[in-house]
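Subject: Structure handover, pockets and helix packing

Dear colleague,

Please find the structure below. My notes on its pockets, its cavity and its helix packing follow.

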Amino acid sequence: MSKEKEVPLPEPGIKIFDSHAHIGLEKDIEKQEQILQRAAEYGVTRILDVGIDLASSLEACERAKTHEGLSASAGLHPNDCGVFDEEWPELEALGMTPGIVAIGETGLDFYRDRVPERDQVRSLEAHLDLGKRTGKPVILHCRDAFERMVEVLKEWSPVHGILHCFTAGPKEAASCLDLGLYVSFAGPLTYKKNEHLREAAALVPDHRLLTETDAPFLSPQGKRGRRNEPSFLPLTIACMAEVRKQSFAHCAKLCAQNAESLFE
Ligand SMILES: [Zn+2]
C-alpha cells in the first residue's frame, strides 16, 4: 500500500473544472454537501455531474439547479444500457432540456459483458444522434473496446465529444484527436505503471485537453484505496502539468476553459 499523499492546495484564484464526477453515487446528502465543500476548498469550483441512467441523470439535473458550479449530463452507461428500451425515451427528452449540458455517459465496455455488444452499440448510436441534434457534447466511456468504438465513431465523424478517463497510449490519443474528440485524463495518469498514458497526455494539444476525477472511482496515486472525490483533482493536474512541462496554474486554466466552452 503506497503512502497517503497531501493534495497540493492550489494558489488562490485558480479555478479548477472537474469534467466528470458522479456526485450522486454518494447517497448520503450530508456527505454529498461535504464533498462539494471540500472541492471548493481545493479550487474545484466547477463539476460536471454525470448521469449513468435515468434516475441518476434526473438527480444530477436537480442538484445542478440548487448548486452553483454544478452542471449535469444525461445518459445511460454501457454497463447499464440493458434498460435502454425502458429508459431511453425519457432520457432523450431530458437531454433536450436546457438543464442538461452534455449527453452521456455512453460508450462501449467489453471488460464487463453484462450487456451484449450489439445493444451497447445501439445505445451509443442513440446518444451520438441526440448529441448531433442538440449540439451538446457526448461523453464517451471506453473499456477494452477501442477498435470497435473508433469504427462506430468514424461513421458519425466529426464527433463533438469527450473520451473520458482516457487510459490508452499516444497512438489511441491521436485517433481520438483525428475524430475531433477532447481527451480527458483522470487518476490513472498518476499511477506508476502508466508511462504510455503520460506520453499521451504530453501530446494532446492545449485546446483538446480536459481533466476529471471520475469520482468516486479511480483515486489518484497518494489516495488509492480511498473513495475518490473532486477535491483530489489537484494531484492529477500536478502530474499532468509535469508531463506537459506547463505550470499547474496554466494546465488547470486550459482544462477549465475547454470544459467551460464545452459545457456552457
Ligand atoms: Zn463515469
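A pocket, on a 1 Å grid over the protein atoms alone, is an open set of points with protein on both sides within 12 Å along at least five of seven lines. A cavity is a set of points where a 1.4 Å probe fits but cannot get out, and lining residues have an atom within 4 Å of a point. Grid points are joined across faces, edges and corners, and a volume is the space filled by probe spheres set on the points.

This is a predicted model, in which local features need pLDDT of at least 70 and side-chain atom pairs count only at pLDDT 80 or more, while totals for chains, interfaces and linings use all residues. Residues are numbered from 1 along each chain as its sequence is written, and side-chain values use heavy atoms, with hydrogens and water left out.

Pockets

The second largest pocket holds about 210 Å³ of space. Its lining consists of Lys 5, Pro 8, Thr 190, Lys 192, Arg 198, Gln 221, Leu 235, Ala 238, Cys 239, Glu 242 and Val 243. Helix α8 contributes the most to this lining, with five residues; helices (H or I, at least four residues) and strands (E, at least two) are DSSP runs, numbered from the N terminus. By class, the lining of the second largest pocket has five nonpolar, two polar and four charged residues. Here Ala, Val, Leu, Ile, Met, Phe, Trp, Tyr, Cys and Pro count as nonpolar, Asp, Glu, Lys and Arg as charged, and the others, Gly among them, as polar.

The largest pocket holds about 680 Å³. It is lined by 26 residues, of which Asp 109, Arg 112, His 141, Arg 143 and Leu 218 are the closest to its centre. The elements that give two or more residues to this lining are β4 (100-109) and β5 (138-143), and β5 gives the most, with three. The lining of the largest pocket divides into twelve nonpolar, six polar and eight charged residues.

Cavity

A search of the whole structure finds one cavity of 30 Å³ or more. The volume of the largest cavity is about 70 Å³. Among the residues that line it are His 22, Glu 26, Ile 35, Arg 227 and Pro 230. Its lining has six nonpolar, two polar and three charged residues.

Helix packing

Helix α7 (residues 195-203) packs on helix α8 (residues 233-244) at an angle of about 70 degrees, with the axes 8 Å apart. Axes are lines fitted to C-alpha atoms, for helices over the stretch in contact, and angles run from 0 to 180 degrees between N-to-C directions. That angle makes α7 roughly perpendicular to α8 (angles of 65 to 115 degrees count as roughly perpendicular, under 35 as roughly parallel, over 145 as roughly antiparallel and the rest as oblique). The contact (heavy atoms within 4.5 Å) is made by Arg 198, Ala 201 and Ala 202 of α7 and Cys 239, Val 243 and Arg 244 of α8. It has four nonpolar, no polar and two charged residues.

The axes of helix α3 (residues 84-95) and helix α4 (residues 117-134) come within 11 Å and cross at roughly 15 degrees. That makes α3 roughly parallel to α4. Contact residues include Phe 84 and Trp 88 of α3 and Ala 126 and Leu 130 of α4.

Regards
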